[in-house]
Amino acid sequence: MTDPVKPKPAPASSVTGEILGDIATKRRRPEPCAIVIFGALGDLAGRKLAPAFFNLMLDGALTDPTVIIGLSRGETTAAQFAEHLKPRVAEFSRQKVEATAWDKFASCLDFIGGEFDNDATYVALKARLEACKTKGTRGNRVFYLSVPPSVFPMILEKLEKHGLVERAVQNNGTPGCRVIVEKPFGRDLVSARALNEMTGRYLDESQIYRIDHYLGKETVQNILVLRFGNSIFEPLWNRNHIDYVEITAAETIGIEGRGTFYEQTGVVRDIIQNHLLQVMSLVTMEVPASFAADDIRDEKAQVLRSVRNFDLNEVANFCVRGQYRGYREEPGVAPDSQTPTYAAMRFQIDSWRWQGVPFYLRAGKSLAERVTEVAIHFKSVPLVLFKEEAAGSVLQPAVLTLRIQPQEGISLRFVAKVPGESINVGNVHMTMSYADAFKRPIAEAYERLLLDCMRGDATLFNRRDSVDRAWALIQPVLQVWEATPGVHIYEPHTAGPSAADEMMGREGHSWRDLVPQG
Ligand code: BG6
């Protein structure tokens, strides 16, 4: 029997939040800084980066002067750049765009028009960065590469040639020089390794911030707090008590006009290789020595190393690909495209803690509901006392659901006695909603990540070894799927292809339902 992913109606939180410690004292302000966005007229800059900087400014989290320099081809002035961003920020900002605040934000914006391969662009950039330094940025700079990975090498080479980056360990007291790179970091294992080699020639690992915005989500960060900040979960967090784990990232949207990009990418590179494997590593890693960046990243890398590699012959049994009907009619998509917009995979982790526990990951576009969550299914009780209930499938094992988005929260389903003379049991849900518990707005992931990079904190960014390992894990799947056609077509706004249910059904499990119960 399945359990609805979206309970109807969402139960209000009965949990009251109490904030421990003084939040203000834990906040470390970044140094004044110049941020250079390559690809500043692109979708990401308007949808995520500019709104994030705007909200950081409204929250007083930035230090004056912070200068944001857009860089793209074309003849755009700083004022035109601000005008270009304004409607996008108005649409995507979590806080309202008032005139005075906008004017202040616009005064932090600058723009350089130029080709990425033209030395003149970098000469102009150098002059602009010098001017920022005079204004007080102290030489601190972040280069945000919001461009396809194929362009990274050329940009880094030019930055180095013009003395804008130098390979150096980032220490307190020396000017920060950091580069943020967007996913997908490479196209496959070989290209990702080549990219890592190349970036390593120009930059020290401490200067490279590989962004995975899932790691900036509050609810994703809470996975570690839930696990290691409470003594009641960790003793159960292993193969003795957990039957299986589901990790879902379902979206209702399609590819939103990004046909050309998506044809090159597909759901495995877009979501599973990065977002979902990162979430899985946080759910499964061992206790880190501290919350320091490398202690956490060591444990994440370690658990990814323990994930069993797919054998090429196993891909058909443990991986399912789907494509929503209508995808092939989208602009930029081949009429016979085999690109998956949905994928489900079963991973195994060969470790003392997880041996034998299947991890089912699924992600897809144009599905019935938007929901990202981790569902931990606990084992059944021995059936000595409840034979009748078990026969009628009433007695379902407990499920702990970590709701990443939307309706962020945590819920526990367990059985309880139904009031009455006889022993009847029913399922109950106990739910904590972030919105109700702490009554604090949840910041966008990019706000946190941009701020962390300016502060020189790499905890929530991906390290080279994890990225490499994640590519290695999905490499056999890419290899088999790209060599053999066989994508399952599914109807839009459903739960995806039935082959994914069959894959799980063969092991006696089923996906949580994406459709609200009617
Ligand atoms: C991005 C993908 O990384 O994540 C998009 O490229 C996807 O295809 C998006 O829509 C989902 O992010 P979120 O935060 O809305 O779950």
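The model is predicted, so local features are given only at pLDDT of at least 70 and side-chain atom pairs only at pLDDT 80 or more, while totals for chains, interfaces and linings use all residues. Residues are numbered from 1 along each chain as its sequence is written, and side-chain values use heavy atoms, leaving out hydrogens and water.

**The ligand**

The shell consists of Lys183, His213, Tyr214, Lys217, Glu251, Arg258, Asp270, His275, Lys365, Arg370 and Gln405. It divides into one nonpolar, three polar and seven charged residues; here Ala, Val, Leu, Ile, Met, Phe, Trp, Tyr, Cys and Pro count as nonpolar, Asp, Glu, Lys and Arg as charged, and the others, Gly among them, as polar.

Next, display the side chain of glutamate 251, where an N or O atom is 2.5 Å from an oxygen atom of the ligand. For aspartate 270, the distance from a side-chain N or O atom to a ligand oxygen is 2.6 Å. In glutamine 405, a side-chain N or O atom likewise lies 2.6 Å from an oxygen of the ligand. The ligand taken alone exposes 400 Å², of which the protein buries 81% (accessible areas by the Shrake-Rupley method with a 1.4 Å probe).

**The cavities**

Rolling a probe the size of a water molecule over the atoms shows where empty space is left. A cavity is a set of points, on a 1 Å grid over the protein atoms alone, where a 1.4 Å probe fits but cannot get out; lining residues have an atom within 4 Å of a point. Grid points are joined across faces, edges and corners, and a volume is the space filled by probe spheres set on the points. There are three cavities of 30 Å³ or more.

The largest cavity has a volume of about 110 Å³. To find it, select Phe185, Gln273, Asn274, Asn462 and Val467, the closest to its centre of the 15 lining residues. Helix 15 (464-483) supplies the largest share of this lining, four residues. Helices (H or I, at least four residues) and strands (E, at least two) are DSSP runs, numbered from the N terminus.

The second largest cavity has a volume of about 60 Å³. Its lining includes Thr219, Asn222, Leu402 and Tyr434. Helix 8 (218-228), strand 12 (399-405) and strand 13 (409-418) each give at least two residues to this lining.

**A salt bridge**

Now show aspartate 110 and arginine 128, whose side chains meet in a salt bridge (2.9 Å, N to O). The pair links distant parts of the chain, 18 residues apart: aspartate 110 belongs to strand 3 (residues 109-113) and arginine 128 to helix 5 (residues 119-137). A search of the whole structure finds 32 salt bridges, each a side-chain nitrogen of Lys or Arg within 4 Å of a carboxyl oxygen of Asp or Glu.

**Backbone positions**

Most residues other than glycine have a negative phi, and most peptide bonds are trans. Go to proline 406, in the loop between strand 12 and strand 13; the peptide bond to it from glutamine 405 is cis, with omega near -20°. Another cis bond joins aspartate 64 to proline 65, with omega near -10°.

Finally, select serine 366, in the loop between strand 10 (359-364) and strand 11 (371-378). Its phi is positive, near 55°.

Definitions and conventions. On a 1 Å grid over the protein atoms alone, a cavity is a set of points where a 1.4 Å probe fits but cannot get out, and a pocket is an open set with protein on both sides within 12 Å along at least five of seven lines; lining residues have an atom within 4 Å of a point. A residue is near a molecule or strand if one of its heavy atoms lies within 4 Å of it. A polar contact is a pair of N or O atoms within 3.5 Å; within protein, one must be able to donate a hydrogen and the other to accept it, and residues adjacent in sequence count only if both atoms are side-chain atoms.
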